[in-house]
Amino acid sequence: MGGVERIMFSADKAGNPVMAGGAVDGNDGGKAERFKQLALPHLDAIYTLARYLLRNTSDADDAVQECYLRAFRHFDSFRGGPIKPWLLAILRNVCHASYAGNTRLVYTADAGSEPDATAAKPIWREDSETPEQMVLRRHESETMWRLIGELPAEFKEVIVLREINDLSYRDIATVIAAPIGTVMSRLARGRKMLREAWIAAEGEGGSP
Amino acid sequence: MNCEEASLLLHALIDGELDAGHARDVEAHIAICPNCAAQLREFQEFRNGMTPASLRYTAPMSLRSRIEGKLPARAAGTNRRSVIKGFAVGATASALAASGVLVMVMRSDDEQRILGEVVSAHLRSLQAQHLTDVQSSDQHTVKPWFNGKLDVAPPVIDLTALGFTLLGGRLDYVDAKPVAAIVYRRRVHVINLFCAPAPGSSKRGAAMESLYGFNVRRWTENGLNLWAVSDINADELTEFGDKFEAALRQ
């Protein structure tokens, strides 16, 4: 494709008016391509936060789509730096704007379906792991997933961003539009709640 | 430092978010406070027990294509026509030059389409149970598996010692023709190396392309077109290609 752009550019220099029109289209297409290359690799991270924040799959799908369209519309205002927190902040806003105050969802405990543990783990088989270990690990993941889903919203989002999406405190602060001190206190509180819930779940019926 | 401050900061310590000065303060407090020391240990253990990979969701392909469909498409079609039209009416461009441009544009479009197919094949392979037809880290198992399935014997090279683990092979289709897909992994990232017979084509050096966030290293050698596709960064994919080419020549 680079070839085409080069050709158009040289033709443009020749001063042909047709070329100018083509170049504008090319820039639009180029902007979309740049956006896709930067933003689409983070789709799974965005989708993960949406699935934890919103109750059902189709709402999460809609929110993620709206997030990407909104991000593209405002792509000109994106000032470089890491794009992932910027996208996550937009997603969070979309969730708040579309669903806050709406009784059917946001920040409700019961999320739709659990993450697909078979798809989420590496798709090659690890030789070291026995089927029993796999079942146990899967079982534990399901419990953890459920407990995170049951956390109050302000703790859930920092836990998902830190533990699952692996964001730095600074990036989390950007996403939730709060100072780093708030990130720290919510994370400390969230981990405490999660750990206590985990221990309680372990106590029930022998295994978590 | 008191316990209240420490109980907050020990999380930042676990996360590696403290500067040296604060880290030293927290560690000094923990050294003299068994209560906070126990807390630190408990949270560290709890965190080590979490498996983030199993808590992540993977966005469905349908959502990915829905989003891509809603974003403006690359305006290649109109551009090509206007370029051709421009040259047709342009007084400065000779007919010969115009035909040369036409061939170049068409060929580049064709390559772009095949690039899209290669990336799609890579994405399909990442769906559960689609990655390998023959699963082995032994090149002498993977290579013979392709016998009789393709017109050529694809180069299967074990690069495990160089940081790219051979996972196996798969028969795939690109441009409606059967191709060999040799599957490697780098840490948690999958690399698909597609090999298609290209009889009579001359050697072409590597070119790095990027499509939908995936990097593709494309080159032609020994009558084969090769594409290495992965979500690893361009530098590492270049390293993979260089090591593969070097091993091939040995």
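## Strand pairing in chain B

Two strands count as paired if DSSP finds at least two bridges between them. In this predicted model, strand S6 (residues 214–221) of chain B runs antiparallel to S7(B), and seven bridges join the two. Glu221(B) stands opposite Leu224(B) of S7(B). The hairpin of S6(B) and S7(B) has two residues between the strands, and Asn222(B) takes a positive phi near 50° there.

S7(B) also pairs with strand S4 (residues 189–197) of chain B, in the antiparallel sense and over seven bridges. Here Pro197(B) stands opposite Leu224(B).

## Burial of strand S7(B)

Strand S7 (residues 224–230) of chain B is largely enclosed by the rest of the structure, because seven of its seven residues are buried. In a regular strand the side chains alternate between the two faces of the sheet. Both faces of S7(B) are covered. On one side the buried residues are Leu224(B), Leu226(B), Ala228(B) and Ser230(B). On the other they are Asn225(B), Trp227(B) and Val229(B).

## Chain A and its helices

Chain A has ten helices and zero strands. Along the sequence its pattern reads α-α-α-α-α-α-α-α-α-α. Of its 208 residues, 39% are buried. Among contacts in chain A between residues at least 6 apart in sequence, 66% join residues at least 24 apart.

Ten of the eleven residues of H3(A) are buried, so this helix is largely enclosed by the rest of the structure. The buried residues are Leu43(A), Ala45(A), Ile46(A), Tyr47(A), Thr48(A), Leu49(A), Ala50(A), Arg51(A), Tyr52(A) and Leu53(A).

## The nonpolar cores

The largest nonpolar core has 56 residues. Those with the most contacts inside it are Ile46(A), Ala50(A), Val64(A), Cys67(A) and Leu91(A). Helix H3 (residues 43–53) of chain A gives the most to this core, with eight residues. Leaving aside neighbours within four places in sequence, Ile46(A) is in contact with Val64(A), Cys67(A), Leu87(A), Leu88(A) and Leu91(A).

Another core, of 37 residues, lies apart from the largest one. Among its residues are Ala121(B), Val174(B), Ile182(B) and Leu193(B).

Conventions. Residues are numbered from 1 along each chain as its sequence is written. Chains are lettered from A and ligands numbered from 1 in the order in which they are written. This is a predicted model: local features need pLDDT of at least 70, side-chain atom pairs count only at pLDDT 80 or more; totals for chains, interfaces and linings use all residues. A nonpolar core is a set of buried Ala, Val, Leu, Ile, Met, Phe, Trp, Tyr and Cys residues joined through C-beta atoms within 7 Å. A residue is buried if 20 or more other C-beta atoms lie within 10 Å of its own, exposed if 12 or fewer, and partly exposed in between; C-beta atoms are placed from the backbone. Helices (H or I, at least four residues) and strands (E, at least two) are DSSP runs, numbered from the N terminus. Two residues are in contact if their C-beta atoms, placed from the backbone, lie within 7 Å.
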